[in-house]
Amino acid sequence: MFLFLSKLLPLFLYPLGLACVLLVVALVMSWRHPRWVPIPVALALIVLLVSSNTWVTNSLIRSLEWQYIPNSELPEADAIVILGGATKPPFPPRPTPEVDEAGDRVLYGAQLYREGKAPWVIPAGGRIVWGSSSNNSSQRLSSESGQSSQRLAPESEDMAQILEDLGVPRAAIIQESRSLNTHQNAVNVRKILDQRDLRKVLLVTSAIHMPRSVLVFRRQGIDVIPAPTDFLVSQHELDEPSSSTQAALLHSLPNAEQLSRITRAIKEYIGIVAYRIRGWV
């Protein structure tokens, strides 16, 4: 239930969800207090305009992404941990697992392995399945403890397959396949590290997700070296909106992509607060 609520409740705090709530309030008010309707409508418009503004979005994202930029070449470690949320399962018509918008996590993890940064790669992530969709014909067969059962394979398996395609030997891959959030990632990875007497890890995840991830892993006593990737904001993105009058005008207008990006940043800040409340960081 906590997992479901943790996905549901923040939706009403994100810009789009908050704007919808304000519009519903305006609709309800129109029946009894029509003269107050412009207030929630105006607030909804302000929320959408501000949150889809490039300068606002870039500033908020940068506050997260630029916290753990390496100052020098990454050192060697005992293992490379790649957090999930970077692949799409092989539902038809996809012939194989595919990387999604955060797929740089898997690509960068494979690159670090090929550079000899660590002898082990740990793809970490299970699969959240809501309702009865896990019983349809598009599932893959996976085996656990020698017994086959029809279920949706964990994301760690998808990442492992892609890592192999990128040159990482299957023998060097240790899957963590049960976690459904970042806290569980850290708890389960810690067990794997203890079992194999591994200490230092290169933690690979999206730059925007790195601050929360580092806090969670260090809370578990894991010696973490941040290896961020999948940056949404570079110096170019910061400079480009101010490069000309035309660019400034275009970046001042509402933009669906910016609305999506700022939602990711707000999600991370909400996650940090929620994790602090639960004592996970």
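Colleague: What makes Arg170 and Glu164 a salt bridge?
Modeller: Their side chains meet at 2.7 Å, N to O. A salt bridge is a side-chain nitrogen of Lys or Arg within 4 Å of a carboxyl oxygen of Asp or Glu, so the pair qualifies. This is a predicted model: local features need pLDDT of at least 70, side-chain atom pairs count only at pLDDT 80 or more, and totals for chains, interfaces and linings use all residues. Residues are numbered from 1 along each chain as its sequence is written, and side-chain values use heavy atoms, with hydrogens and water left out.

Colleague: Which residues are linked in a network of salt bridges?
Modeller: Glu157, Glu164 and Arg170. Arg170 also meets Glu157, at 3.4 Å, N to O.

Colleague: Why is Asp230 called buried?
Modeller: Its relative accessible area is 6%. Buried means under 20%, exposed over 50%, partly exposed in between (1.4 Å probe, protein chains only), so Asp230 is buried. Asp230 forms a salt bridge with Arg264, the closest N and O atoms being 3.7 Å apart. Arg264, at 25%, is partly exposed.

Colleague: Why are α8 and α11 called roughly parallel?
Modeller: The axes of α8 (residues 210–219) and α11 (residues 256–278) cross at roughly 20°. Angles under 35 degrees count as roughly parallel, over 145 as roughly antiparallel, 65 to 115 as roughly perpendicular and the rest as oblique. Therefore α8 and α11 are roughly parallel. Angles run from 0 to 180 degrees between N-to-C directions, with axes fitted to C-alpha atoms, for helices over the stretch in contact. Helices are DSSP runs (H or I, at least four residues), numbered from the N terminus.

Technical notes: Helices (H or I, at least four residues) and strands (E, at least two) are DSSP runs, numbered from the N terminus.
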